[in-house]
Amino acid sequence: MHPSRGVVRRTVRPAVPLLALALALSACGSDDGGGGGSAADGRIEGRISFQTWNLRAGYKDYFESLAKEFEKQHPDVTVRWLDQPAEHYADKLGADAAAGTLPDVVNVSPDLSYPLAKAGVLLNLDKEPVAAKFRDEYTAEAWRGNTLPGLDGSYAFPWYLTTGPLFYNKSLFREAGLDPEKPPRTYDELFTAAAEMSRRSGGRTATLAGTPAIEDFGRYGVRLMDDDAGRFTYNEPKGVELLTRYKRLHDDGGLDPQALTSTPEQAGRKFLEQKVAMNPGGANDLANFRKNAPSLYRNLGITDAPNNTGKPNMYVMGLAVNRNSRHKAAAIAFAHFVTDRRNQEAFAHRVVVFPSTKGSLDDPYWTKDDGTDEGRVRVASAKALKGAVNYTPVVMSDEMKTVLRNEVAKALQGKKSPKEALDDAVAQSDRLLRRK
């Protein structure tokens with residue numbers, strides 16, 4: 001996916017079509033890590049296809065030169081680079097899997113690799129010695145982020161990581177009598193600050209412009225699924241507690257009135273207009289603040305999202321290898337090449353994403369603020385990635401995320417109790433999970 005989209009907390013992901021997956025499941029074999037195609041330990045040769053996710057517009061030269069460099073190192077290989085738009089990307093993956101035309105190397109996130117791996121079309125890297133030998137080159141968190149529940153292994157080479165800082169308005173904090181240099185770090189601190197912000201402003205200033213998503217429940221310390229990822233558990237008492245606190249926040253004016261229906265872009269505008277005190281964002285937002293809201297820019301604070309677990313949230317991108325590739329050795333070699341330390345760092349210097357290779361984030365580029373807007377966000381985000389996890393369950397489809405969002409809205413509107421809303425969300429999502 002286009003890296004600049006990844007720093008937005010609620011990145012929109014297309015839903016994988018059930019029909020295409022059903023076809024893929026029937027067309028493919030088991031997921032034991034074997035499969036057709038050439039031997040993984042054979043000669044690195046042949047014509048392979050490499051598919052990225054909405055990256056051509058900004059990075060055409062980079063990927064073309066990357067392919068040429070690999071071909072120079074391996075004269076018997078030809079790399080055909082493909083790029084698919086963000087819209088309907090999952091539909092395309094499902095259709096290709098069903099037709100047996102999935103590219104040799106594909107750009108995936110864990111939620112997209114899960115149905116493909118379950119259908120038996122992706123290589124289990126942990127079970128393939130030629131691929132598994134590279135495991136120690138990546139951070140444990142990144143490799144674990146591509147490990148899929150119930151499938152006993154990792155199905156993609158870790159590529160770039162993204163996370164987003166939380167912006168806050170120091171001026172609004174001062175007006176509420178809050179210390180602008182001590183933004184809330186835990187959810188207790190967040191709800192306390194939000195109550196004070198609303199009280200001091202007479203309800204005119206909200207703290208947040210968005211309702212809780214699944215990663216909020218994760219950061220709060222809620223158990224999201226059982227150990228086998230067979231059913232959702234975010235309706236446990238701690239989950240009900242979080243939604244109950246959000247309901248109180250909503251009723252007391254700490255949540256923007258349009259939060260129930262707002263998009264990330266609309267929430268961003270509310271923050272720009274200084275109607276809410278905190279909002280997630282990325283480096284691209286800073287130039288917008290500087291140009292269109294100079295008073296906000298002068299009073300801008302950057303922090304991590306509140307967290308009760310000590311582990312921030314991150315999004316993971318990877319490169320998966322087609323289990324049935326006719327040139328498996330070349331596909332594995334190329335996927336590793338794109339994601340090795342040198343190439344990951346080169347890509348991350350072009351855009352605000354972060355390498356998943358061991359030791360990369362210790363470089364001064366990611367640890368020392370150079371005084372630029374991009375540097376401020378880069379250093380803050382890189383710091384947040386230490387020990388970060390991907391809270392969103394890989395089996396949670398967009399349809400399930402919509403179910404949760406709708407039930408949360410009903411609770412905040414008072415149409416259901418928080419417990420009823422979460423019980424209903426879990427029941428609906430479990431039914432959808434069983435249909436997969």
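Select R378. At 8% relative accessibility, this residue counts as buried (buried means under 20% relative accessible area, exposed over 50%, partly exposed in between, with a 1.4 Å probe and protein chains only). The model is predicted: local features need pLDDT of at least 70 and side-chain atom pairs count only at pLDDT 80 or more, while totals for chains, interfaces and linings use all residues. Residues are numbered from 1 along each chain as its sequence is written, and side-chain values use heavy atoms, with hydrogens and water left out.

**Stop 1: charged pairs**

D370 is partly exposed, with a relative accessible area of 46%.

How many salt bridges does the structure hold? There are 25. Side chains of opposite charge can pair when their charged atoms come close.

Next, select R223 and D227. Their salt bridge has its closest N and O atoms 3.3 Å apart. R223 counts as partly exposed because its relative accessibility is 38%. D227, at 71%, counts as exposed.

Move to K386 and D362. Here the side chains meet in a salt bridge of 3.7 Å, N to O. The pair links distant parts of the chain, 24 residues apart. K386 sits in the loop between helix 18 (373–384) and helix 19 (398–412). D362 sits in the loop between helix 16 (341–348) and helix 17 (364–367). Helices (H or I, at least four residues) and strands (E, at least two) are DSSP runs, numbered from the N terminus. K386 is partly exposed at 47% relative accessibility. D362 is exposed, at 54%.

Now select E407, K410, K416 and D424 together. A network of salt bridges links these four residues.

**Stop 2**

Zoom in on strand 7 (residues 166–169). Three bridges join this strand to strand 8, and the two run antiparallel. Look for F167: N279 in strand 8 stands opposite.

**Stop 2: strands 1 and 2**

Select strand 1 (residues 46–53) with strand 2. They pair in the parallel sense over eight bridges. Strand 2 (residues 77–84) is mostly covered, with six of its eight residues buried. Pick I48; its bridge partner in strand 2 is V79.

Then pick F50, in strand 1. Is F50 buried or exposed? With a relative accessible area of 2%, F50 is buried. Leaving aside neighbours within four places in sequence, F50 is in contact with F63, V79, R80, W81, L82, V105, L319 and F334 (contact means heavy atoms within 4.5 Å).

**Stop 3: D104**

Go to the loop between helix 4 (89–99) and strand 3 (105–108), where D104 is placed. D104 is buried yet has no salt bridge. The nearest side chain of opposite charge, R326, is 7.8 Å away (Lys and Arg count as positive and Asp and Glu as negative; His and the chain ends are not counted). Turn to S49: its backbone nitrogen lies 2.8 Å from a polar atom of the D104 side chain. Beyond its neighbours within four places in sequence, D104 is in contact with residues including R47, I48, A320 and N322.

**Stop 4: two positive phi angles**

Most residues other than glycine have a negative phi. Select N54, in the loop between strand 1 and helix 3 (56–73). Its phi is positive, about 60 degrees, although N54 is not a glycine. N54 is partly exposed, at 23% relative accessibility.

Finish at H88, in the loop between strand 2 and helix 4. H88 has a positive phi of about 65 degrees and is not a glycine. With a relative accessible area of 48%, H88 is partly exposed.

Terms used. Pairing = 2+ DSSP bridges. Polar contact = N/O pair within 3.5 Å; in protein donor to acceptor, adjacent residues only side chain to side chain.
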